[in-house]
Amino acid sequence: MKIFYGSGCADGYVISEVLKKKAQEAGSARLPGNSEEELRLFEEGMERLGERLDALYQKTLEESGEEAAELIETYQVILCDRQFFDGIRARIHQEKISCFAAIREENMACEKIFSEMEDAYMRERIEDIRAVCGELISVICGGPDAPADEKPEKPVVIVADALTPVDTVKMDKRYLGGFVTETGGETSHAVILARALGIPAVTGAAGIMEAARDGMKILLDGMEGKVILEPDPAAEMEAGHRMRKAREDALRFAKEPAGAVYTADNERIRLAVNASDDARLPDLGGCDGIGLFRTEFLYMQQGDYPSEDMLYQAYRRAVEEADGKEVVFRTLDIGGDKALGYMGLPEEENPFLGYRAVRICVDRPEMFKVQLRAMLRAALHGKVKIMFPMISNLEELLYCREILGGCRKELAKEGVACGEDIPVGIMVETPSAVMILDQLAPYADFFSVGTNDLTQYIMASDRGNPAVQKLYDPFYPAVLRALYHIGKTARKAGVALSVCGETAADISMIPFLLGCGVEKLSIAEPALPKVRYLVRRLHREECALLAKEIIRITSIRKIKERLQEYAENALKR
Ligand code: PEP
Ligand code: MG
């Protein structure tokens, strides 16, 4: 059994077989004919691709609807780009290379130009151009009826480096169980299509292409972003159970009205959503705002440091779209598993214990200030909070606040308007922060517990390492006791407490969290209906008694059984 983690982009579970998408390189390595012959092949290919895209557009429209069909339209537009295709013709003529080599070289040159563009949307169009070029090669190689590599005849999970809409629409959707890709973000085409088709998708599952083989059993959890190759019977049984239950529950939860959430004993609990990508902001209609805006993704989409203005525009858009609801911007949390080439960060033996988040920011105040200034400016347009990740000592927090204060003064001096009264808080995700929480409290307007990291640091188990996945479990008494302690300290200090790690959406964990005094849960958007449904059926006072009981239990198995039973009973109310 091998476990991979990526981003769960399209919700759902599936257990099926792997079908790997092969690279379309066949034929393209042959020696070139004379230029006329290569040009003839190219022009014929262009014509046939045009016809193929027309047919594909109709098919997609009928099978998957307008949104999916729009993607094919994008290809049709690219195919009409004279400048691009003239470039290929010129290469065939002047460089005396094969039409395949000319297509690839022009594609690479174009990718280079697009990758340097500031606009994230434009950079993502690289994928479209690459897809059109790939299709063109495929059409020229295989003739008009070239079969797709993937012809599923039974339900499969497609595993690929990346998927284009053409890849996906060519497949028979009746037999599509889900997608896993090594690359691609939440706006990648495969994900858009997966959502339209209502099947699970996981992107960014590093290493999956090397490990997966056609026909291998695969378990896909599109909610958690988890992929298991050759799952053992226990993992399969668990997934099968979860799949059935998820289907029944989804129907019930969907009927719960949105709006403010109160526990059954009338305590207001705020539900917010996590945003990890400014290109696809979550729908805030049914919640209290964005509880965690992971700003590093904007940096990751870039080939270089984003400018203050670019950040400001992105943050402002999020704040304006929130329309009066709160947006909690977390400052750059880069490093660890999120490396960035242009930052020139050192290779590390132990990246999660290394140079990460505020540790980098306090060392590079000039870079940090660019982001903080953008946040302060964006705060003018709505309700903003600023949150520092990975705080592990008081000096760090004080220094972050000092830099923030300095930015405010600079902006005032420059006559640039920015928001007032912006609450400043910290992520509680290192054991050291937990131990000194009372000392941090006077300098934090709120605490937000990052249980993803807190679990890995308390359990000394890398969150991305499948070999220690059993230990990486927030239900261990050590993690629960830390959460209990955090709740107690926050209450005593009068600091607002939220949780934005994945446990905040875990049905079994929520009663315990409320029992610890958590007032706000920030979760992935698809989890909102079920969390809302549960919280409205919980009694805060009872949860407090439950939490007290739980932290005395020594066995993780017993803890899980008790919490699961408790949550399931609450869901029956
Ligand atoms: C966490 O650690 O729980 C968290 C929310 O932050 P991230 O997953 O981005 O590290
Ligand atoms: Mg974290």
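Residues are numbered from 1 along each chain as its sequence is written, chains are lettered from A and ligands numbered from 1 in the order in which they are written, and side-chain values use heavy atoms, with hydrogens and water left out. Because the model is predicted, local features need pLDDT of at least 70 and side-chain atom pairs count only at pLDDT 80 or more, whereas totals for chains, interfaces and linings use all residues.

Helices and strands are DSSP runs numbered from the N terminus (helices H or I, at least four residues; strands E, at least two). The axes of helix α11 (residues 308–322) and helix α13 (residues 365–378) come within 8 Å and cross at roughly 35 degrees; axes are lines fitted to C-alpha atoms, for helices over the stretch in contact, and angles run from 0 to 180 degrees between N-to-C directions. The crossing is right-handed, that is, the near helix is turned clockwise from the far one by less than a right angle. On α11 the contact (heavy atoms within 4.5 Å) is made by E308, D309, L311, Y312, Y315, R316 and V319, and on α13 by V370, Q371, R373, A374, M375, R377 and A378. By class, eight of these residues are nonpolar, one is polar and five are charged; Ala, Val, Leu, Ile, Met, Phe, Trp, Tyr, Cys and Pro count as nonpolar, Asp, Glu, Lys and Arg as charged, and the others, Gly among them, as polar.

E308, in helix α11, has a relative accessible area of 17% and is therefore buried (buried means under 20%, exposed over 50%, partly exposed in between; 1.4 Å probe, protein chains only). Not counting residues up to four places away in sequence, E308 touches V370, R373, A374 and R377.

Ligand 1 is surrounded by 15 residues, each with a heavy atom within 4 Å of the ligand. The closest are R294, R330, G450, N452 and R463. Polar contacts are pairs of N or O atoms within 3.5 Å; within protein, one must be able to donate a hydrogen and the other to accept it, and residues adjacent in sequence count only if both atoms are side-chain atoms. Polar backbone atoms lie 3.4 Å from a ligand oxygen atom in G450 and 3.1 Å from one in T451. A polar side-chain atom of D453 is 2.9 Å from an oxygen atom of the ligand.

Helix α17 (residues 451–458) is largely enclosed by the rest of the structure, because seven of its eight residues are buried. These are T451, N452, D453, L454, T455, Q456 and Y457. Their cover includes strands β10 (289–294), β13 (424–428), β14 (446–449) and β15 (496–499), and helices α15 (431–435) and α18 (477–493). Just after α17, A460 takes a positive phi of about 50 degrees.

I486 of helix α18 is buried at 1% relative accessible area. Leaving aside neighbours within four places in sequence, I486 contacts V428, V434, L437, V449, L454 and L497. The C-alpha atoms of I486 and I436, 50 residues apart in sequence, are 9.9 Å apart.

Two loop residues complete the description. T263, between α9 (233–254) and β9 (270–275), is buried at 4% relative accessibility, and its contacts beyond four places in sequence are I269, L514, V535, R536, L538 and R540. P423, between α14 (394–414) and β13, is partly exposed at 24%. With neighbours within four places left aside, P423 is in contact with V384, K385, I386, D445 and F446.
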